[in-house]
Amino acid sequence: MDALALEATGGKKKANGATVAAPLPAQAPVKRKPAKKAKKAVVFFEVEILDAKTKDKLCFLDKVEPNATIGEIKSMFHKSHPQWYPARQSIRLDPKGKSLKDEDVLQHLPVGTTATFYFRDLGAQISWVTVFLTEYTGPLVIYLMFYFRVPFIYSPKYDFTTSKHWVVHLACMCHSFHYVKRLLETLFVHRFSHGTMPLRNIFKNCTYYWGFAAWMAYYINHPLYTPPIYGEQQIRIALIIFLFCQIGNFSIHIALRNLRPPGSKTRKIPYPTKNPFTWIFLLVSCPNYTYELGSWLGFTLMTQCLPVAFFTLVGFIQMTVWAKGKHRSYLKEFRDYPPLRSPILPFIL
């Protein structure tokens with residue numbers, strides 16, 4: 001009867017004269033598709049490059065992507081001006097400002113969508129490896145020419161003769177070892193943050209290294225050369241100092257190399273390693289220069305030669321300038337840089 005009553009009343013059931021609606025079946029909730037996110041429109045940059053001296057427009061680059069680097073912009077500029085390859089270019093925000101780094105990104109620079117850069121020609125460039133190999137090969141060969149007393153250096157009667165003093169032979173071995181070490185480090189150890197330097201620097205560097213090598217070698221290998229005042233004891237102490245500092249210098253170069261992955265320009269704070277020769281990093285920012293100075297002090301003590309002492313002094317002045325510059329850059333770049341460190345000499349300089 002109930003079923004028939006429901007059919008008769010169209011799905012409704014009468015009770016006490018009242019009509020009651022039958023419950024409807026439950027429906028599954030409708031899943032709504034998430035709205036598609038609107039793609040952000042890429043804002044391209046317009047880049048104009050002016051001559052830093054004349055302010056003349058050299059190049060206009062249209063539709064440059066915002067994530068383009070200065071290195072990529074240099075490559076674009078090179079296409080329109082083939083005579084200025086990227087290594088020769090200095091791109092800057094101000095005509096007299098500092099050069100921008102190749103890894104700087106366009107959209108992160110303080111420029112609008114129409115960016116203006118200034119170009120300065122750095123001149124012909126040469127790789128650091130070539131410069132180092134040239135300036136280090138010279139002293140090695142020049143010193144050996146004086147050591148073997150080739151003709152036209154001393155009196156003809158001394159041609160191809162050898163010194164009777166063993167310290168002269170020891171000095172030749174130490175000098176040769178030093179520059180062979182430098183050549184091998186250039187080929188297999190050093191990682192350069194900059195690939196090139198101005199071509200004119202090779203002439204300046206070679207004049208310095210080659211000239212001093214000839215001056216020192218002339219007196220050390222001279223037939224009238226006299227050994228150090230304190231004899232063998234002085235020579236042995238000097239040799240220990242020289243070898244100790246050579247090992248220390250090499251250890252620092254290895255430690256610095258391990259801080260920079262191949263092909264990168266990453267800079268990190270150098271810290272001491274398990275190698276005891278690197279513990280000097282606790283007190284000095286550039287211990288490679290500290291050890292280099294110690295090596296030449298040892299060589300000066302060994303030979304007791306005035307030109308060697310003068311070369312050591314000039315080298316110390318130049319290395320101090322480099323060390324102070326690097327120390328300042330460390331302090332500027334790293335807020336947590338160890339405050340106890342000095343540039344080249346602990347607690348002094």
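Which residues in α4 meet which residues in α7? From α4 these are Val167, Leu170, Ala171, Cys174, His175, His178, Tyr179 and Arg182, and from α7 they are Glu292, Trp296, Phe299, Met302 and Thr303. By class, this contact of α4 with α7 has 8 nonpolar, 3 polar and 2 charged residues.

## Overview

The model is predicted. The chain has 349 residues, of which 39% count as buried. Its secondary structure comes to 8 helices and 8 strands.

Among contacts between residues at least 6 apart in sequence, 72% join residues at least 24 apart. The chain exposes about 21400 Å², and carbon and sulfur atoms supply 64% of that area.

## Helix α4 against α7

Helix α4 spans residues 166-188 and helix α7 spans residues 287-303. Their axes come within 10 Å and cross at roughly 165°. An angle over 145 degrees counts as roughly antiparallel, and α4 and α7 are therefore roughly antiparallel to each other. The crossing of α4 past α7 is left-handed.

Met302, one of the α7 residues in this contact, also has its C-alpha atom 9.8 Å from that of Gln233. Those two residues are 69 apart along the chain. Gln233 belongs to helix α6, residues 231-259, and counts as exposed at 59% relative accessibility.

## Helix α3 against α4

Helix α3 covers residues 128-147, and its axis comes within 9 Å of that of α4, with a crossing angle of roughly 165°. That angle makes α3 roughly antiparallel to α4. Here too the crossing is described as left-handed, with α3 passing α4.

On the α3 side, the contact is made by Val129, Phe132, Leu133, Tyr136, Thr137, Pro139, Leu140, Tyr143, Leu144 and Tyr147. On the α4 side it is made by Val168, His169, Ala171, Cys172, His175, Ser176, Tyr179, Val180, Arg182, Leu183, Thr186 and Leu187. By class, the contact of α3 with α4 has 16 nonpolar, 5 polar and 1 charged residues. Ala171, His175, Tyr179 and Arg182 of α4 take part in the contact with α3 and also in the contact with α7.

## Ile126 in strand β7

Ile126 is found in strand β7, residues 125-127. With a relative accessibility of 14%, Ile126 counts as buried, the cut-off for that class being under 20%.

Leaving aside neighbours within four places in sequence, Ile126 is in contact with Val131, Gly195, Thr196, Met197, Pro198, Leu199 and Ile202. For Ile202, the C-alpha atom is separated from that of Ile126 by 8.3 Å, although the two residues are 76 apart along the chain.

## Positive phi values

Most residues other than glycine have a negative phi. Lys63 has a positive phi, near 55°, and is not a glycine. Lys63 lies in strand β4, residues 57-64. The relative accessible area of Lys63 is 61%, and the residue is exposed.

Gln304 is also not a glycine and has a positive phi of about 50°. Gln304 sits in the loop between α7 and α8, the latter covering 306-333. With a relative accessible area of 37%, Gln304 is partly exposed.

Technical notes
Residues numbered from 1 in each chain as written. Predicted model: local features only at pLDDT ≥ 70, side-chain atom pairs only at ≥ 80, totals over all residues. Heavy atoms only, no water. Helix = DSSP H or I, 4+ residues; strand = E, 2+ residues; numbered from the N terminus. Buried < 20%, exposed > 50% of the residue type's maximum accessible area, 1.4 Å probe, protein only. Contact = heavy atoms within 4.5 Å. Areas by Shrake-Rupley, 256 points an atom, 1.4 Å probe, with all protein chains shown as cover. Axes fitted to C-alpha atoms, helices over the stretch in contact; angles between N-to-C directions. Parallel < 35°, antiparallel > 145°, perpendicular 65-115°, else oblique. Left-handed = near helix turned anticlockwise from the far one by under 90°. Nonpolar A, V, L, I, M, F, W, Y, C, P; charged D, E, K, R; others polar.
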